[in-house]
Amino acid sequence: MQAFSYVLAHSVAEATAILAQEGSRARCLSGGTDLIVQLREGRRRADVVVDVKGIPELNQLSFDSQHGLIIGAAVPCYRIYNDARIAAAYPGLMDAVTLIGGVAIQGRATLGGNVCTASPAGDSIPALIAHRAVAVIASPRGEREVPLEQFFEGPGKTVLQTGELLVCFKLPPPPAGFGAAYLRFTPRNEMDIAVVGCGAALVIRDGVVQDARIALGAVAPTPLLVPEAGAELIGKPLSESTIVAAAEAARAAARPISDLRGSAEQRRHLCAVLTRQALAQAAARAQSLPQPAHA
Amino acid sequence: MAQLELTINGERRSAEVHPGAFLADVLRETFGLTGTKIGCNEAECGICTVLVNGMPVNSCIYPALKAHGAHVETVEGLARNGVLHPLQQAFIDHGAVQCGFCTPGLIMTAKALLDANPNPSEDDIKHALKDTYCRCTGYVSVIHAIQDAAARLRGEPPVPPSLPQTKTPLRVVGQPLPRPDAVAKVTGAARYTDDYVFPNMLHAATLRAGIPHARIRRIDVSKARALPGVHAVLTHEDVPGSKNHGLVYNDWPVLCYDKVRYVGDAVAIVAAETREIAEQALRLIEVEYEPLPVVDDPVAALQPGAPKVHEQGNLLKHIHVEKGDLEAGFAEADVIVEGEYQTATTEHAFLEPECAIGRVTDDGRVEVYVGSQIPYADRRQVAAALGVPEDRVRIIGTLIGGGFGGKEDIAGQIHVALLARATGQPVKMLYRRSESLIFHPKRHAVRFKVKVGAKRNGRFTAMRIELWGDTGAYASLGDKVMTRAATHASGPYEVPNVRIDCYAVYTNNVPAGAFRGFGVTQSAFAIESAIDELAQRLRLDPIHIRRLNALRVGSVTNTGAVIRESAGLLECIARVEESLKQEGTPWVFRKADVPNKVYAWGFATAYKNTGLGGGAPDRSEVEVEAFTDGSVEVRTSAAEIGQGLVGVLASIAAEELGVPYERARVLLSDTDLTPDGGPTTASRQTYVTGNAARLASIQLRQRLAAVAAEMLDAPVESLRFADGWVRHHGRAVAFGEVVAQAHREGIRTRLSHLYEAPKTQPLGTGGDMHFAFSYAAQAALVEVDLETGEARCLKIISATDVGRAINPLALQGQIEGGIVMCLGNALTEEFIQEKGVPFTNRFARYKMPSIRHTPQIISHIVEDAAAEGPYGAKGVGEISSIPTTPAITNAIYAATGVRVRKLPVDQDWLLRQLRAQREG
């Protein structure tokens, strides 16, 4: 493995300064469950590894029903699912963070890392997009916010510029009648990379779908938000036929490739199956979730 | 360098470490805590798990400096004042320790779980351990052990292990005893090859070809030799003796000279002060290749004009089996089914990567420390390559972190011997997982053409089977494996007319060799699928058709051998059938709450020879010594690869010599100190080495009885040896006292016995090809998701005829492990190669079963004794892992009507078939 120098950053300013100075020589280290393995196999190079787990802003995890959820980029998965209030309010995210790896990985792996690795199959991403997550990005020049569905440019490529650091995600508070789910399909049951992932979120009030977001993973060069699928549902009562229409829209939006893990044909088919199942689960949760007090 | 300060197991420690160092390496190398093992270095296998501030982490990818100021817990810290932690004790008591290499990781992951959740459900356990692999146990005993430990920690009484019903035990034999090496394995004290460190030890690395087929034009190592820190760079020119090695055929270059024939071929080796320098040196070696056309398919390789892997052609061996009159048999048939089947190349995935250490002693001999399945074959091959007599080489066997057939061939043994001689320093060669994957022989991918004829009542009349086995670039054990595949290809049935033609073929793929089941795993899939199809065509019960044709005493096998005894197949079938009745479910069923899923059972049987067979002399020598302290030691070179041989040999010696089990030590695999027990292959050690140990122990007892008879003034025949005493009516003398008296009389209390198993005959002679067979029947319950094509195995009911259970606890674990491994063979495992280039070049790309895949297992033991076997025992290592695959694929057929013809079950393909069915 290539030798690198390890720097523990203590503040956003310190980290962004190093990243700005070192440019492409530097990589952020969060949980390390992707980066270290990639460095060891020579799939990535880094001369400077900047450990961001010591930066307070990247470790924040706060939730209230007025302002929603803020998750620092370096918060490991287990902290998210161990918080019962967050798990109840953001069930799609909860599904995703419990699926990623086993406990040793969940103790280390972070949403920031999963998002910045920018694998089209990253499990947290469709769930976060369904939950309307916004990425907060810092640089020596200041902060900017990017809706997560606009964060990705291609496999392994994001909108992050030299010197920029992903600080946290902001998720709006779940409105009344909200439900969400994330499902994935792996070719050999466990311990694999999704060949299709689907995040779905619904807001149902008075029997009518007020909002619907469907996001797909692993079926295009970047995770995909499928507004056409949502459009099939919004303004109508949820029914078998609207769900099927949304599922068909998801299938049509998918642009999968064939590889050793799955054919394009199967992936498109699974988009429809998973969309249907995720919507059904989100709808069930929308009806059973405790509703926020202010609604 | 940076200063690291941390607390390890309650003790403050500090060290200067490289900023890029990882915790696993620092624990092992800087602090000498080698209980933490490294299996993959890619956070995939989980066995390196330690706790950092109470959280489980994969220490192989955890930067050491992140642990600065932290509390780190490793397996070494669990036992307090010599008292094992309840998890450690429960792992021993439930037989959840086999090879032991993954044990520290499993225990530490479980500790984190129990620290947070004192009463975990089975689901909680499966969630917590889903990233921590074990290749031996099949996880069932692991789950039980964790549940038991949780109970003990809650202050509840221990939960006893679940054991199969077996014959009434003797004093020791037949008792469910813990493994003698279990304590060392749960405390982290057990040492595997990479845990050994010698002063001035160098580290070695191997330059692999990286291309599947090429002529070598030029090798220039001058730049590598000039790199500071490099002590030696060797090529084929530096091999003084035999340029090739091989277990059966001498066709595998020690270091390639004219050609490279597969990606993992060794071209040059380096010894340097650190592994990093050695690897850097590899990059400085210049090799000029002339690429040659690649052949990657055994059928294509036999076509005229196919690229030649070896000069003499690509056919390693044609194996022919003939019985009766095939044409007449098919003419007689009322129904004939024909089908083609294909199995995948699969990987042993033992969790300990290959490692060897070479050392030159003061008198110029070469010592090799290695975890090998055949120490004496290593000695022969190392000596040949060095060009020295065999007695100038000593193989010292270390503990082995799993083998399954994958540690029979030479790995780094010869290379470290060459480098140690070149440098005069000890040299360690540890393979990275990626290197292990592309280098070592795999399970043969086999293509089958099967034609089976039967009468309307289900009686088989004829079978015609053709097999093409991809043996890869070198022979390894390909000839023997494919012979076994061929002779077992018509299944454990009496078939009057059989013709089998089998071709073991060279290609430019990674070599294929021994892997648990030895060809029979593949054959069983093909023939059991065909028989299932036949039963369905005849509308016969799949169990009935197998019972009707099953081999039994008096049957004649397809090679012409007569089954004279110990044929428990009918009883296996009956036991599984009985359990199925108790299940009370229909053969195919649905559940109201999951409309997209269908459930069904599948059934299959299998048999597997014990011992080398085919006319090969099958011998084992064991030395037994009694000591004045009342203990005994059993010595032989036979491999403990997790299967439990140490316990078997200790039990047998304790039984025959009448000493407590704990007082029987076993010393294995040191060619200077232990005689040759023969290869650990073909499920032969319990039978062959077990018999040698039994007979040696009996002879020693007789010798001691003569002495004791004098001491007790009693007739020899009336003496009883038990519990460390020799008794005659009311009088007794301690076993150690008898030994002391023998010594005073000048009688040696050490002797050895060379046991020779019953003679076998070569294929084609019609005689007994094998001296014993084990049998099994299994039923599998599967769940198929009709919307996604996902198939899962939920339950296995198994019955295994092993002749006699020497240790029911160890036996149970071996059977469960075999079942789960074979479940992987059916559903998840494939070593993928594309035109000779492995895609599966890291663990993340090889899907072996995790704890999440573990089905419920109901395991029955059938003990149809083999007259010559020790206490009636015969082989068990392989048999349980043979019928699982076809039981699962037959269940998938029952569930869906889709016949699986290619392994592993491709869910993408299954879904397409299901959709085509619905549409057409």
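**Chain contact and salt bridges in a predicted model**

Q: Which residue forms a salt bridge with B:Glu787?
A: A salt bridge puts a side-chain nitrogen of Lys or Arg within 4 Å of a carboxyl oxygen of Asp or Glu. In this predicted model, the closest N and O atoms of the pair are 2.7 Å apart. The partner of B:Glu787 is A:Arg276.

Q: What pLDDT do local features need in this model?
A: Residues are numbered from 1 along each chain as its sequence is written, while chains are lettered from A and ligands numbered from 1 in the order written. Side-chain values use heavy atoms, without hydrogens and water, and side-chain atom pairs count only at pLDDT 80 or more, totals for chains, interfaces and linings use all residues, and local features need pLDDT of at least 70.

Q: How many salt bridges and polar pairs are counted between chain A and chain B?
A: A polar contact is a pair of N or O atoms within 3.5 Å; within protein, one must be able to donate a hydrogen and the other to accept it, and residues adjacent in sequence count only if both atoms are side-chain atoms. Residue pairs in polar contact, both at pLDDT 80 or more, number ten. The count of salt bridges is three.

Q: Which helix of chain A gives the largest share of the side that touches chain B?
A: Helices (DSSP runs of H or I, at least four residues) and strands (E, at least two) are numbered from the N terminus. Several helices of chain A each supply at least two residues of this side, including helix 2 (35-40) and helix 5 (91-99). The largest share is seven residues, and it comes from helix 11.

Q: How do the residues of that side of chain A divide?
A: Nonpolar covers Ala, Val, Leu, Ile, Met, Phe, Trp, Tyr, Cys and Pro; charged covers Asp, Glu, Lys and Arg; the others, Gly among them, are polar. On the side of chain A that touches chain B, the residues divide into 19 nonpolar, 14 polar and twelve charged.

Q: What area is buried between chain A and chain B?
A: Buried area is the accessible area (1.4 Å probe) that two parts lose on being put together, summed over both. The contact (heavy atoms within 4.5 Å) takes 45 residues from chain A and 50 residues from chain B. Carbon and sulfur atoms give 54% of the buried area. The total is about 4,000 Å².

Q: Is B:Lys442 buried or exposed?
A: Buried means under 20% relative accessible area, exposed over 50%, partly exposed in between (1.4 Å probe, protein chains only). B:Lys442 forms a salt bridge with B:Glu347, the closest N and O atoms being 2.9 Å apart. The two sit in separate loops of chain B, 95 residues apart. B:Glu347 is buried at 0%, and B:Lys442, also with a relative accessible area of 0%, is buried.

Q: How many residues apart are B:Asp115 and B:Lys111?
A: Their side chains meet in a salt bridge at 2.8 Å, N to O. B:Asp115 is partly exposed at 49%, whereas B:Lys111 is buried at 11%. Both lie in helix 3 (residues 103-116) of chain B, about one turn apart, a spacing in residues of four.

Q: Which helix holds A:Arg251 and A:Glu248?
A: This pair meets in a salt bridge at 2.9 Å, N to O. A:Arg251 is partly exposed at 24%, and A:Glu248 is partly exposed at 36%. Three residues, about one helical turn, separate them in chain A's helix 10.

Q: Which backbone oxygen does the side chain of B:Arg804 reach?
A: B:Arg804 lies in the loop between strand 33 (791-801) and helix 21 (808-827) of chain B. B:Arg804 is buried, with a relative accessible area of 10%. Not counting residues up to four places away in sequence, B:Arg804 touches several residues, among them B:Glu863 and B:Tyr871. At 3.1 Å, its side chain reaches the backbone oxygen of B:Thr168.

Q: Why is helix 15 of chain B largely enclosed by the rest of the structure?
A: Helix 15 (residues 520-537) reaches 25 Å from its first C-alpha to its last, close to the expected 26 Å (1.5 Å times one less than its number of residues). It is largely enclosed because its buried residues number 16 of the 18.

Q: What separates the C-alpha atoms of B:Glu290 and B:Ala214?
A: B:Glu290 is found in strand 13 (residues 286-291) of chain B and is partly exposed at 28%. Its contacts beyond four places in sequence are B:Ala214, B:Arg215 and B:Arg217. B:Ala214 is 76 residues away along the chain, yet the C-alpha separation is 5.3 Å.
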